[in-house]
Amino acid sequence: MKSYDLMIIGPATRDVNIDYTGQQVCDAGGAVTFCTPAARATGAAVFAAVKIAPEDRELLEKLGGDPADCALLPSARTTLMRNEYFTPDRERRNSSCPAQSDPVLPEEIPEVPCKLYHLAGLLSGDFPGALLEHLHTRGLLSADAQGFLRHNENGRMVFHDWKQKLQYLPYLDFLKTDAAEAEILTGLTDRREAAKVLYGWGAREILISHNSEMLVYDGKDFYTCPVKARNLSGRTGRGDTTFGAYLAMRMLGTDVPAALLYATACVSLKMETPGVFRGTLRDVEDYIREFYR
């Protein structure tokens, strides 16, 4: 049986994205959709377990790769998201959710050998506590904080603190948040201080994304790398692309600073073009040579 470096788990979505000029684009979205191609571009062996309605199977095509490296986890509905951006840099937006997929259950996770399981969630309710407990026994575990902080309240996206954070953060070998989510979790606006608190609560390697830089804290040292995108037309999926690339590089044995450099260059390149990352390892290495040396 084929073994994998990481399995990316979560709901794919149908997205309606409206930019600050009013232009509307409909596309596939979701953390799993952006994480997976970025991770695969590194050369890592990546399995995707995607929660969608079976009639929306074509969304899996966005992930690229071999169809054998993907599983559809059936849901009564596919998550629908509407993102309205108010500024050219896409930092200010309003998100709504007309429909949410069913939770991912422990018994749905494919029985394939895997080093790391990444919970690429979108909304509270995507991943019950029993799933974290189950995956924690199978290998390394990673999660995106938004899948526990962002709540769908009658279609409106509202952020609340993760009530079970002290119980489940110690299960996480890797944790990704953005600056706003880190503040919700810890009450701190200083990203470094927030990372220290999250580490103290049990998460072992924390990546905090920001529009200016990516930051990693491993309990000993801080590592940062600046975002150098020349335009932001592909801003959607920034954190997911970064973390997918970062986790893949770490699973391939790359140390923290080199993995962070690669991941930040990857997302900088991705943000210059709308959609998921479609480049190669060589493209990212060329970008590093041009903009990071």
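The largest pocket is lined by 31 residues, and R93, Q146, R150, D178 and R235 lie nearest its centre. This is a predicted model, where local features need pLDDT of at least 70, side-chain atom pairs count only at pLDDT 80 or more, and totals for chains, interfaces and linings use all residues. Residues are numbered from 1 along each chain as its sequence is written, and side-chain values use heavy atoms, leaving out hydrogens and water.

What does "pocket" mean here? On a 1 Å grid over the protein atoms alone, where a 1.4 Å probe fits, a pocket is an open set of points with protein on both sides within 12 Å along at least five of seven lines; lining residues have an atom within 4 Å of a point.

Here is how the lining divides, with Ala, Val, Leu, Ile, Met, Phe, Trp, Tyr, Cys and Pro as nonpolar, Asp, Glu, Lys and Arg as charged, and the others, Gly among them, as polar.

| Lining class | Residues |
|---|---|
| nonpolar | nine residues |
| polar | 11 residues |

Helices are DSSP runs of H or I with at least four residues, numbered from the N terminus.

Now for α5 itself. Its buried residues (under 20% relative accessible area, 1.4 Å probe, protein chains only) are E181, A182, L185 and T186. They cover an arc of only 120 degrees around the axis, so they sit on the same side of α5. D178 caps the N-terminal end of α5, with a side-chain oxygen 3.1 Å from the backbone nitrogen of A180. After α5 comes G187, with a positive phi near 80 degrees.

Conventions. Buried < 20%, exposed > 50% of the residue type's maximum accessible area, 1.4 Å probe, protein only. Helix = DSSP H or I, 4+ residues; strand = E, 2+ residues; numbered from the N terminus. Arc of directions from axis to C-beta. Polar contact = N/O pair within 3.5 Å; in protein donor to acceptor, adjacent residues only side chain to side chain.
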